[in-house]
Structure formats: structure tokens, C-alpha cells
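Here is a short tour to read alongside the model. Keep the sequence and the coordinates open as you go.

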Amino acid sequence: MILVTGGAGFIGANFVLDWLGQSGEAILNVDKLTYAGNASTLASLRDHPGHVFARVDICDRAALDELFAQHRPRAVVHFAAESHVDRSIHGPADFIQTNLVGTFTLLEAARQHWNTLDADERAAFRFLHVSTDEVFGSLGDSDAPFTETTPYTPNSPYSASKAGSDHLVRAWHHTYGLPTLITNCSNNYGPNQFPEKLIPLMIANALAGKALPVYGDGRNVRDWLYVGDHCSAIREVLARGTPGETYNVGGWNEKTNLEVVGELCRLLDEMKPKQAGSYRDQVTYVADRPGHDRRYAIDARKIERELGWRPVETFESGLAKTVRWYLDHQEWVDEVASGAYRNWIETNYAQRD
């Protein structure tokens with residue numbers, strides 16, 4: 001069995017579904033079920049014998065100790081995190097608590113468990129920490145992409161809290177010998193993503209006839225990674241990565257926000273055309289968010305060179321799959337669009353007109 005934290009969130013849930021669809025090994029899924037954790041995403045696993053769900057906060061050391069003692073996992077894959085930059089600007093305290101205190105608490109529980117294992121089990125144990133390219137800061141238009149040795153220069157409360165959690169994981173390896181791995185990924189997109197992030201927000205707003213709010217001039221650049229490709233990369237790192245190492249995971253798809261929104265509108269015009277006009281007519285520019293990083297780009301050559309991993313999806317193929325999924329799963333979208341979510345959209349965008 002492996003222990004997965006945040007397995008009801010976007011990337012975590014995709015990983016859990018993917019893992020159980022391809023592996024005979026069970027998962028202990030630990031999730032607090034905050035606003036972005038949606039248990040209905042895992043509805044197909046309700047009677048799956050290999051899926052054990054525990055509603056537990058990773059800051060609760062006693063509960064974690066009990067889970068480790070009962071299930072004795074051979075590995076931890078740590079997704080659980082507060083992850084939205086805008087939310088971190090409005091309320092940074094939750095990000096410090098979950099991303100820093102939670103990671104520390106999980107590391108200590110894992111270390112205690114690891115110390116109870118026999119020599120062979122200790123050697124085989126892994127703690128894989130899933131992080132972000134945002135810890136590296138912002139790139140200029142002509143700067144080389146981030147590598148695993150790029151200095152950390154986080155610019156938001158979110159990225160600072162993730163940078164701190166990366167440093168904790170690294171320190172627990174070098175100080176205590178815990179066999180850790182770190183992955184730093186670029187912007188993920190795909191099925192089951194909470195509609196506060198760019199792509200699902202634009203799809204939901206487009207279909208509802210609402211404005212498509214684009215920050216600033218829309219020329220901020222991100223590297224886009226289809227979530228299924230990210231899951232396959234994590235499996236490779238977990239299976240064959242070298243303890244103590246970091247692996248950048250990217251999609252080789254640098255796009256401006258305007259390009260992303262434009263391609264989304266093109267796909268929606270094709271798959272679900274409006275009665276008149278184009279979805280592009282709904283694009284609206286809003287004031288930029290504070291400290292908005294201009295460009296992220298991932299150099300993913302190390303993971304390809306050492307582990308043979310490379311993304312399968314192009315941006316175009318992955319985005320087409322994503323749009324189709326949202327069109328076919330409107331009930332899921334309606335379910336997550338709760339009152340709390342609508343309040344958040346109002347708080348974040350209404351004041352940017």
C-alpha cells in the first residue's frame with residue numbers, strides 16, 4: 001500500500017484514479033476535504049477494495065501516527081496543499097499552516113514510521129513531495145527555463161510556502177536520511193480541476209454567458225502540463241527516482257494566458273457553438289493581481305534523461321480532451337460551484353473591473 005495525501009483534490013484524485021486503474025497496489029487516501037477536495041470525484045472507487053479513504057488533516061499528528069501504524073505504507077506521495085495564488089494573497093495563514101506545518105507534521109510521522117521498518121523496508125521506502133515551478137520565481141522573456149538547480153525566489157505567499165515545504169523535505173533527507181524525492185511541476189490542467197483555476201474557470205464562464213476575465217495584458221506565460229502526463233511522471237519518479245533528488249516535470253508547452261483563452265474559445269466554438277457570435281466576444285481584461293509573475297518555463301530534460309519520461313499530450317490534444325470532459329460532466333461542475341465558490345469569484349474578480 002502507498003499513502004497519498006490530498007487524494008480528493010485535482011492532481012491527487014487524478015493520480016489515485018490512474019494508479020488504481022493500472023496497479024494492483026492499494027492506496028490509503030488521506031484528505032481533509034477542504035473546499036477544493038471533492039469526494040464525488042472518487043465516486044467510482046466507492047466499492048473498490050484497493051481504495052481506503054481517511055478524512056484526516058495532515059496537521060493532526062496523532063491521526064497520522066495511527067494511520068501509519070495501522071496500514072504501514074511502503075511510500076508516501078504528498079499532494080496535499082493550498083495551491084491558489086490569489087487565495088494566498090487574500091488569506092496567507094491557511095497556506096502557512098497546510099503547506100509548511102502540514103508538511104513538517106507529515107515528515108515527522110513518516111520518519112517515525114520509517115524508523116520502525118526493517119533494513120530492506122527502510123531502503124525501499126520513499127517520500128515523494130509534489131511541488132511547483134512557482135518556487136523559482138519569474139523569468140524574463142529570453143531567460144532559459146527553470147532547471148533543478150535554479151535558485152528559489154518565490155514571489156507570492158503560496159510559492160513561498162511551497163518553497164519552504166521543499167526545503168523541509170530536502171532537510172529531512174540530508175539530516176535524517178529519510179528517502180525523499182521532490183517533483184516541481186508546471187501548470188496542470190485536465191479533468192476534475194476546481195473552477196477557480198484559469199482553464200476550468202474560463203470554460204464555466206463561457207458556457208454560462210459570463211465574462212472571461214483575463215489579468216492585465218494577458219501576456220503572462222506558463223508552461224502547461226496535462227494532468228495525466230503529470231501522473232505518469234510521478235509514477236516513474238516514485239519507482240525509479242534517486243532519493244534526495246529533485247525532478248522538474250513540464251509539458252514543453254509555453255503559452256500566454258491570451259493564447260490559452262483563445263484556444264479554449266476556438267474549441268468551444270467548435271464543440272458547443274453559440275447561437276450567435278464567438279465565445280471570444282466574452283473576453284474581458286481586468287486589473288492584474290499583485291506580484292503577478294510574468295513567465296514560468298520548465299526544463300524537463302533531467303527526468304527524460306534519467307528516467308525516460310516525456311509528456312504524451314500536446315497542448316492542443318490535452319486541451320481538447322479537457323474541454324470535452326467538462327462538456328460531458330456538467331453535473332460535476334454544478335456540484336463544485338457551491339455558494340463558497342461563488343463568493344470567492346465575487347471577492348476576487350468583481351473588484352478588478
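## Ground rules

Throughout, a residue is called buried under 20% relative accessible area, exposed over 50%, and partly exposed in between, with a 1.4 Å probe and protein chains only. This is a predicted model, in which local features need pLDDT of at least 70 and side-chain atom pairs count only at pLDDT 80 or more, while totals for chains, interfaces and linings use all residues. Residues are numbered from 1 along each chain as its sequence is written, and side-chain values use heavy atoms, leaving out hydrogens and water.

For cysteine 185, the nearest cysteine sulfur belongs to cysteine 231 and is 10 Å away.

## Helix α2 and its two faces

Helices (H or I, at least four residues) and strands (E, at least two) are DSSP runs, numbered from the N terminus. In α2, residues 61-71, the buried positions are Ala63, Leu64, Leu67 and Phe68. Seen down the axis, the buried residues of α2 fall within an arc of 135°, so they line one face of the helix; the arc is that of the directions from the helix axis to the C-beta atoms. On the face turned away from this buried side sit the exposed residues Ala62, Glu66, Ala69 and Gln70.

The buried residues of α2 pack against β1 (2-5), β2 (27-31), β3 (51-55), β4 (75-78) and α4 (93-115), where contact means heavy atoms within 4.5 Å. Just after α2, arginine 72 has a positive phi of about 45°.

## A bend in α4

α4 bends by about 30° at glycine 102, the bend being the angle between axes fitted to the seven residues ending there and the seven starting there.

## Nonpolar cores

A nonpolar core is a set of buried Ala, Val, Leu, Ile, Met, Phe, Trp, Tyr and Cys residues joined through side-chain atoms within 4.5 Å. The largest has 35 residues, of which Ile2, Val4, Phe15, Val77, Phe79 and Ile303 touch the most other members. Helix α1 gives the most to this core, with seven residues.

Leaving aside residues up to four places away in sequence, valine 4 touches Phe15, Val16, Ile27, Leu28, Asn29, Val30, Val77 and Phe79. A second, separate core of 26 residues includes Phe194, Val260, Leu268 and Tyr279.

Terms used
A disulfide is a pair of cysteine sulfur atoms within 2.5 Å.
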